[in-house]
Amino acid sequence: MSEIHNALEELKFQGDPLADAVVAELVSSGATEVVNEVLAHFRDNDQPIPENLPEPVRRYLVVTDDPPGWADLERVANAYEFFVDDGVHVASVLSFGAMVNCYAQPRPSRVLSLTHRLNQPHRRLSETSQFVLNMMAPSPFGSGGSFVPTIQKTRLIHAAVRHFITRSGRWDVAADGVPLCQQDMLGALLIFSVQVIDGMRRIGISVTEREAEDYYYVWRVTGAMLGIPAEAMPETLAEAQVLNAELVEASYGPSPEGIELTRNLLRLYEDMIPGKAFDGVAAAVVRQVVDPEVADWLEVPRSRVWGRAVGTGVRLMRLLERAEDRSRTATAVLDKAGSLLLGGSVRTLTNGQPTALTIPAELREKWLAAGVCPARAAR
């Protein structure tokens, strides 16, 4: 056990050497703006790697272009089928649960504060939603997908954050480890995989063991492509659940940054809901999805009225879920509830303008055929 603990502790001092070297070279040569402009148009797996890029960037894109050799693409396809059925519920738990649980980690929350993103929850929510939508496409790592460039650019963004925070003089690497270290990356992976499955079950959504395993598997493949050491990621969901408790949940605690991030996120959700009559419902949903102690640490407001209403809704969801295979009405109610939340994510505001999430075409068509894809999300 001590060996495992030591290995996890070492992850605090590991960045992403491959991406970090590229960013360091771009900064020293002053080529960051040119690269940003070119990569903005590099969006699909089928696109050839742009020629007009500095050689270090081209080498990086070539090396990171394929999933790991151990990846089973059939299992990835199984996860897509799960997302067709329950993607709207994944989106709602990710929005109301996983995002808040990320803010319960003091060190990553401090990183966000140093990148001036405490007051930009709309941006982080839309970026995370798009990342997951690209990941859950029919062939995220193959032809027709767009997830590989998303991962490659995400790694460079993380490397840029590490570069500038480390050199800002406002971060003590010896005491706190590397900003956005591999331990933080592993923690985020567990929050968006293990904790999303747990959150779905907490609000009454049935997820089979096979579905849960396949969903975690896609995140494990994604983690390897993001630069997380393969040996650091558990092979099975059961092992991942243990690590989630020992590494992630054990790190939870209050912090000024986490409280402010949560407050701004709740304000964003309230702004999405018209009028004042429903103020407090978002906080009540968060309290239903996350651990009560975490909600208290992050000062999520309590509402006796909405808390009771949401609790009743969850019990109804569980009843409907059990009836889903036998009742078209139950299915319609479940899917409508989830699609409203996904529609809210799609309407995330950036500087007062709607942020359009791109839903993979095949996924969009299946959701539309089933009547669970919001009209705004379909465009």
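Leaving aside its neighbours within four places in sequence, Ser193 is in contact with Tyr215, Tyr216 and Trp219, where contact means heavy atoms within 4.5 Å. Ser193 has its place in the loop between α10 and α11, and it counts as buried because its relative accessible area is 1%; buried means under 20% relative accessible area, exposed over 50%, and partly exposed in between, with a 1.4 Å probe and protein chains only. The helix names used here follow DSSP runs numbered from the N terminus, in which helices are H or I runs of at least four residues and strands are E runs of at least two.

The model is a predicted one, in which local features need pLDDT of at least 70 and side-chain atom pairs count only at pLDDT 80 or more, whereas totals for chains, interfaces and linings use all residues. Residues are numbered from 1 along each chain as its sequence is written, and side-chain values use heavy atoms, with hydrogens and water left out.

Taken as a whole, the protein chain has a secondary structure of 20 helices and two strands. Of its 379 residues, 54% are buried, and among the contacts in the chain with a separation of 6 or more, 75% are accounted for by residues 24 or more positions apart.

Helix α11, residues 194-202, packs with helix α12, residues 209-225, at an angle of about 150°, and their axes are 9 Å apart; the axes are lines fitted to C-alpha atoms, for helices over the stretch in contact, and the angles run from 0 to 180 degrees between N-to-C directions. The two helices α11 and α12 are therefore roughly antiparallel to each other, on a scale where angles under 35 degrees count as roughly parallel, over 145 as roughly antiparallel, 65 to 115 as roughly perpendicular and the rest as oblique. Where do α11 and α12 meet? On the side of α11 the residues are Val194, Val196, Ile197 and Arg201, and they meet Glu209, Ala212, Tyr215 and Tyr216 in α12. Sorted by class, this contact of α11 with α12 has six nonpolar residues, two charged ones and no polar ones, with Ala, Val, Leu, Ile, Met, Phe, Trp, Tyr, Cys and Pro counted as nonpolar, Asp, Glu, Lys and Arg as charged, and the others, Gly among them, as polar.

Aromatic rings form another theme. Rings of Phe, Tyr and Trp (its six-membered ring) pair if their centres lie within 6.5 Å, and planes under 30 degrees apart count as stacked, over 60 as edge-to-face and the rest as tilted. By this rule the count comes to six aromatic pairs. One of them joins Phe192 and Trp219, which are stacked, with 5.8 Å from centre to centre and 15° between the planes. Phe192 lies in helix α10, residues 182-192, and Trp219 in helix α12, so this pair ties together parts that are 27 residues apart in sequence. Phe192 counts as buried because its relative accessibility is 7%, and Trp219 counts as buried because its relative accessibility is 4%. Ring pairs link Phe131, Phe141, Phe147, Phe192 and Trp219 into a cluster.

Elsewhere, His158 has its place in helix α8, residues 147-166, and counts as buried because its relative accessible area is 18%. Leaving aside its neighbours within four places in sequence, His158 is in contact with Leu180 and Met185. Leu180 is found in the loop between α9 (173-176) and α10, and with a relative accessibility of 15% it too counts as buried. Most residues other than glycine have a negative phi. The phi of Leu180, however, is near 50°, a positive value in a residue other than glycine. Glu299, in the loop between α16 (292-297) and α17 (304-323), likewise has a positive phi, near 60°.

Two further places complete the tour. Helix α6, residues 106-114, is mostly covered, with seven of its nine residues buried. Ala230, in the loop between α12 and α13 (237-248), is partly exposed, with a relative accessible area of 33%. Ala230 and Pro68 are 162 residues apart in sequence, while in space they are 9.2 Å apart, C-alpha to C-alpha.
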